[in-house]
Amino acid sequence: MLVAQPIEPQAPVIARVAVPTPLRRSFDYLLPHDLLIDNPELKPGSRLLVPFGNRELTAVLLEIDSHSSLDVNKLKTVIRILDKEPLIPAHLLDLWLWAAKYYQHPIGDALQTLMPAGLRGTAPARHKHRAMDKNKPTADHPYPAEQEQQLNADQQAACDQITTALGGYKGFLLDGVTGSGKTEVYLQAIAQTRAAGKQALVLVPEISLTPQTLARFQQRFDEPIAVLHSGLTPRQRLNAWLSASSGQAGIIIGTRSAVFTPMATPGLIIVDEEHDNSFKQQDGFRYSARDLAVMRASAEQIPVVLGSATPSLESLQNALTGRYTRLQLTERAGAASKPAFVLIDTQAQHMEQGFSGKLLEHITQHLRDGNQVLVFINRRGFAPVLQCGDCGWTAECKFCDARLTIHKSPPHLCCHHCERRHPIFRHCPDCGGKSMHPVGVGTERSEAFLQHCFPTTDVIRIDRDVTRKKDELERLLGKVQQGEPCILVGTQMLAKGHHFPKVTLVAVLEADSGLFSADFRGQEFMAQLLTQVAGRAGRAEQPGEVLIQTQHATHQSLQTLISKGYHALAEQLIQERQNTLMPPFTHLACIRAEAINSQAPLDFLMKTRALTEQLCDTLNLQTRIMINGPLPAPMEKRANRFRQQLLVRAPHRQDLQLLLGKLCLQLEGLTSQRQVRWSIDVDPQDMM
Ligand code: ADP
Ligand code: ZN
Ligand code: ZN
């Protein structure tokens, strides 16, 4: 980016700006001299009001230039300069422009990730109330105050390496088993960052931003903490953003988009649970907040810590090649020990509503000992299938290649892919039979069954249906913290980052869905999820036990995971990725197209493939780029649209970038693009 050049008095001054539109380009406007006289210090990152069509839009200044590739006499004129000081510091604007380019996304459309809603208009960049929002909705949280812990040797070594690196760029992978005290390392590294007068930015996955995480930070630091997540009102978000950018808040905690929060005195960035999928935006501007955090740290010359008990294969590989420094915590902190794993072969067991007799016995025992039990099922609703007992017909979604899930309260069928609802069939639409019955288990059914088996015990269900109600998640988690014996039943919401000291038994109802996934990351995700959910067991003095029910007890990946642990399986998976030339050994982009008929996306991607091949010829990349497809998406029809994808891979990132930049401009110009909705996903996470 260019900074304002000294400009001759009468020469035209061009403002190159990003405007909130879905076009892959910037726009030029004339900057009138009278506006410049009032704002001699005008710098990129300031907002300008500009005419656009018959509207007036708030744009962000990218650069000031004396030339335009367009006819200067035809340029429209900037109406007003909205900020005296740049709202977005230069290095952050650079990062964001880099990201828009890298992820092949129109800059104007990416603007809203950069700016809090409160500043997308013309309002001045000022706090919207007297004092800063101290983010104490959680003042009466149920968590006992936690003292600063005396770090153990591994923790101390990790903390020392991080704090020694303050003041320059260094990438760390904090690779520590669940309960090993990673958070304690963050807290103490942040304390030293603050002592040096610098700010710390902590990125967390959406769901782990529970009051518990926040409470731990708030209890430890007697100073304002800016919190940024999707549940804020525009005013709260604006205030948090401004207190971060002014330096008033020394610590900023936020989810994905918080990676773009300006800091007055950046000191340290932490990405907690770095393997978590929520760091990658899955639609629109498909950026990875984890990867941008590393880019940002290197631009701002500060250390970045990626922490996880189950690091992504990408980060592990970066640690192996020395790009990141690996900090290992191999033991649980304090008095806690690692839980013991047991596989239950459901083929060899009598099963009732998804539960084996063995599992029910273990639950009884743990409750009798006064402990808590966590039952994990990665599926909400009552049952995943409604089937006719006479002819085998199953209820499917009209709009998706998927079955309708049965829900009981209120009774209905629902497609979890397009949200379509349908009354429950009493008769089979195919044969007229009356024996319609649920097949399989979801959280609702397990909750009902467990309540039936353990009538005097509290059964607490935690999934997206229950927690839709405001503050319900906090209420339920608070109940668990009180420590009475209870059974928690829930989806992966339970797997993430929670610290339940009284949970001693974790049960996984079926471990099989990830074993045969069509997604090349399927096994990696399965291993992360199982390890994380298992990590909720035995986090305090009482030892934990993990029971995993499976129909594939001899599956090699599952065996490796159970007997040797996540890292042993990860090593095998890394080897497989190397053999198949998949990430992290290649860089991948997925071009998706969808339409209401099945032919249009196929035609579009055939054309895309031909264009890609042509570009490879012109750019001399034939041997450096691999193209697969078009192929139907693993779920070909979704929400009444047929979906195809084309995969483009390259061992070298720059080759892929060069190709994609040119390809996207060509695709924008294709007439057939009007019949399809297409998108490009660089470093895709979810291939479904
Ligand atoms: P992680 O983030 O790795 O899952 P946490 O930081 O949540 O682990 O730590 C798990 C538990 O261990 C917490 O209750 C924490 O207070 C405790 N803990 C952390 N470090 C120590 C330590 N050095 N000594 C004693 N207890 C510790
Ligand atoms: Zn039937
Ligand atoms: Zn559907």
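Cysteine 418 counts as partly exposed, at 21% relative accessibility. Cysteine 400, in contrast, is buried, with a relative accessible area of 4%. Here buried means under 20% relative accessible area, exposed over 50%, and partly exposed in between (1.4 Å probe, protein chains only). The model is predicted: local features need pLDDT of at least 70, side-chain atom pairs count only at pLDDT 80 or more, and totals for chains, interfaces and linings use all residues. Residues are numbered from 1 along each chain as its sequence is written, chains are lettered from A and ligands numbered from 1 in the order in which they are written, and side-chain values use heavy atoms, with hydrogens and water left out.

Cysteine 400 lies in the loop between β17 (385-388) and β18 (405-407), and cysteine 418 in the loop between β19 (412-414) and β20 (421-422), so the pair ties together parts that are 18 residues apart in sequence. Strands are DSSP runs (E, at least two residues), numbered from the N terminus.

A polar side-chain atom of arginine 216 lies 2.9 Å from one of its oxygen atoms. For a backbone N or O atom of glycine 181, the distance to an oxygen atom of ligand 1 is 3.0 Å.

Note on methods. Helix = DSSP H or I, 4+ residues; strand = E, 2+ residues; numbered from the N terminus. Polar contact = N/O pair within 3.5 Å; in protein donor to acceptor, adjacent residues only side chain to side chain.
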